[in-house]
Amino acid sequence: MDNVILYVDDAAHARLRLATLATPAAQRPRHWIVVVCPPRMARHVSKWVHHTARQNWRDRWSQRLLHQLVPALRATGERVTTVVAEGPLHALSRELIEHHGPAQVLDLRRPKFDAALPVIDATPPSAHTPAPG
């Protein structure tokens with residue numbers, strides 16, 4: 001079974017991107033590891049909202065997204081595991097690969113217009129990276 005880690009923050013955008021990755025019938029079954037990336041809240045929101053309320057909001061937001069996306073993945077009879085991202089995605093990728101085995105990593109997050117999303121890679125950064133220039 002092939003493992004595929006999906007990073008998702010918008011169900012409609014992810015479904016469009018997944019439609020281009022339609023699997024042929026001859027391909028091995030996949031284990032989809034869906035990692036939900038809830039939006040970050042402003043750091044000053046703690047003045048008005050308690051930590052428990054923020055966590056409850058993240059959980060509800062994640063469940064809404066998963067209810068829109070996971071049934072389409074399960075409809076093909078493939079295995080689906082869901083995870084809510086907390087912390088750096090590089091570390092989460094390495095942890096998921098250690099737990100589930102080798103996996104293809106797909107970043108299906110909606111692109112942001114004002115900032116470039118960092119590339120997610122499970123390989124550790126090199127200790128001796130050459131200085132640019």
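Two strands are taken to pair if DSSP finds at least two bridges between them. On that basis, in this predicted model, Asn 3 stands opposite His 31 in β2, within an open sheet of 4 strands whose order is β3-β2-β1-β4 and whose pairing is parallel. Helices α2 (residues 51-74) and α3 (residues 89-100) are described below in relation to that sheet.

**Sheet layout**

- The edges of the sheet are held by β3 (79-84) and β4 (103-107), each of which has a single partner strand, so one side of each is left without a neighbour in the sheet.
- On average, and with direction ignored, neighbouring strands of this sheet are turned by 20 degrees against each other.
- Strand β1 (residues 2-8) pairs with strand β2 (residues 30-36) in the parallel sense over 7 bridges, while β2 and β3, which also run parallel, are joined by 6 bridges.
- Strands of a sheet pair through backbone hydrogen bonds, either parallel or antiparallel.

- Ile 33 in β2 stands opposite Ile 5, and the bridge partner of Ile 33 in β3 is Thr 81.
- Of the 7 residues of β2, 7 are buried, so the strand is largely enclosed by the rest of the structure.
- Arg 30, Trp 32, Val 34 and Val 36 point one way from β2, whereas His 31, Ile 33 and Val 35 point the other way, and all of these residues are buried, where buried means under 20% relative accessible area.

**Helices on the sheet**

- Helix α2 lies across β1, β2 and β3 and runs at about 160 degrees to β2.
- Helix α3 packs on the sheet, where it touches β1, β2, β3 and β4, and its direction makes about 155 degrees with that of β1.

**Helix α2 in detail**

- The 24 residues of α2 should span 34 Å at 1.5 Å a residue, and this agrees with its end C-alpha atoms, which are 33 Å apart.
- A kink of about 35 degrees lies at His 67 in α2, shortly before the proline Pro 71.
- The buried residues of α2 are Arg 54, Arg 58, Trp 61, Ser 62, Leu 65, Leu 66, Leu 69, Val 70 and Leu 73, and the buried residues of this helix pack against β1, α1 (11-19), β2 and β3.
- An α-helix has 3.6 residues a turn, so residues three or four places apart point the same way.

Note on methods. Residues are numbered from 1 along each chain as its sequence is written. This is a predicted model: local features need pLDDT of at least 70, side-chain atom pairs count only at pLDDT 80 or more; totals for chains, interfaces and linings use all residues. Side-chain values use heavy atoms; hydrogens and water are left out. Helices (H or I, at least four residues) and strands (E, at least two) are DSSP runs, numbered from the N terminus. Axes are lines fitted to C-alpha atoms, for helices over the stretch in contact, and angles run from 0 to 180 degrees between N-to-C directions. Contact means heavy atoms within 4.5 Å. Buried means under 20% relative accessible area, exposed over 50%, partly exposed in between (1.4 Å probe, protein chains only). The expected span of a helix is 1.5 Å times one less than its number of residues. The bend at a residue is the angle between axes fitted to the seven residues ending there and the seven starting there.
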